[in-house]
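Please read the following note with the model open. The points take up the contacts between the chains in turn.

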There are 4 protein chains.
Amino acid sequence: MRAGLPVAAAWGVQVLEAEASGRAVLLLPRQEGLLRPGGTVCGPAIMGLADMAVWCALLARTGGRDLSLTAAQNATFLSAAGPGPLTAQARLIKPHGRLLFAEVLILRKDVPHPVAHITATWAARPG
Amino acid sequence: MRAGLPVAAAWGVQVLEAEASGRAVLLLPRQEGLLRPGGTVCGPAIMGLADMAVWCALLARTGGRDLSLTAAQNATFLSAAGPGPLTAQARLIKPHGRLLFAEVLILRKDVPHPVAHITATWAARPG
Amino acid sequence: MRAGLPVAAAWGVQVLEAEASGRAVLLLPRQEGLLRPGGTVCGPAIMGLADMAVWCALLARTGGRDLSLTAAQNATFLSAAGPGPLTAQARLIKPHGRLLFAEVLILRKDVPHPVAHITATWAARPG
Amino acid sequence: MRAGLPVAAAWGVQVLEAEASGRAVLLLPRQEGLLRPGGTVCGPAIMGLADMAVWCALLARTGGRDLSLTAAQNATFLSAAGPGPLTAQARLIKPHGRLLFAEVLILRKDVPHPVAHITATWAARPG
């Protein structure tokens, strides 16, 4: 994923888990360059991380070949994200058909519920 | 905005217009580091650009002081974005109250309709 | 539309305008059966009205034959809707391709901005 | 809920489960009046059912007194809903604070994944 997506490499995103069942867990480390005023991770970084996590779940499912495209993404910010690190847990809810659907939870250590909740629709394109 | 948000500076985002009525137009130049496989601007860059455009419209409205936070963002990708440049036109639809609401059109030269449509809800926090 | 959709008939929804360019304006009259506690039009009625308005805009465009299906709908409630009547202004932003995209403004008399803003994606299926 | 919301009563919606932890399961029976062309439950009915399910989960949590309002609802339609019956499983993901957040799965018998996925943000107002 980092090879294909320079933004992921630039942000230092790490893939912690990727399961063929259609799950992936990514880590966004703390980085000064991704903070917004107030010292919390900026919205673009959180939405981008979620997008990468879904793509990773798709790649895990298809063995690393997948050209699917984001068709829609809805993000809701639930609590202060803090300065990072953050983890993103992506899970494919509908892994088949022309339109795929996934959910991503953005988690912050020591906060019991997700700090952001994202759903994403992808247009399927086998690699 | 670029001072407050390192990501905007890193991406080379330029503010073309910013009106006190609550409008802003931003330019995302073509950048190799923001492309995804296939050679088009990646989703995270488009969603991030939209977020920056709304913040710019808020800053224009409040004279440069504003600590409002993104509460939700919904993005729909309508057509191929291409490699850039892209412009983002943000407009506050509901500029008053606790929750603000804005719409952003992502435009590509020579494509008549927006290549992406984004709506955003922000939690108001005067600067 | 009322022939095809019993809910529209049951709610007394009226089509005020429908243009082949892909616009439609619908009226939801005041009805006790659609209120929620507090005496305002309930969310289901507003979301349903928006869905009907998009369908009407599609039917206007295709001359009354269209089997397209709602693929996604995002609604944001901006202000108190009151007891009705309400009007819905639908407009196709992307009228071509496999996925169509529309915007609906829900308007209440004497309120300058929309009381609700809805976007909808439809999977195109010619009639 | 049916006392407060005439639409729920008109549609014959039944509350199958409601837990103080913030969960609710509702049943929408098969009804000719809620079908759309093609013989499947119409979008307005599904979006309305989801809204009712979230309200039920809130009422279960607060012991039947709650004046919270829908602030936003995002619905994605994943598969054919069929003619009904449908069940809606609502769960509060963020049950505290000014803005509450819930997820609703719309399930059809014999289909392994949800036929629709809905997220909702509610503005909290204690009863």
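1. Strand 5 (residues 69-77) of chain C runs antiparallel to strand 5 of chain D, and the two pair over five bridges. Strands here are DSSP runs (E, at least two residues) and helices likewise (H or I, at least four), numbered from the N terminus; two strands pair if DSSP finds at least two bridges between them. Within this pairing, Gln73(C) stands opposite Ala75(D).

2. This is a predicted model, in which local features need pLDDT of at least 70, side-chain atom pairs count only at pLDDT 80 or more, and totals for chains, interfaces and linings use all residues. Residues are numbered from 1 along each chain as written, chains are lettered from A and ligands numbered from 1 in the order in which they are written, and side-chain values use heavy atoms, with hydrogens and water left out.

3. Chain D and chain C each bring 31 residues to their contact, where contact means heavy atoms within 4.5 Å. The area buried between chain D and chain C is about 2,200 Å², with 64% from carbon and sulfur atoms; buried area is the accessible area (1.4 Å probe) that two parts lose on being put together, summed over both. Arg36(D), Pro44(D) and Met47(D) supply 23% of the area that chain D buries against chain C, more than any other three residues.

4. Which element gives the largest share of the side of chain D that touches chain C? Strand 5 of chain D does, with nine residues.

5. On chain A, the trio Arg36(A), Pro44(A) and Met47(A) supplies 23% of the area buried against chain B, more than any other three residues. Strand 5 of chain A pairs with strand 5 (residues 69-77) of chain B in the antiparallel sense over five bridges, and Thr76(A) stands opposite Ala72(B) there.
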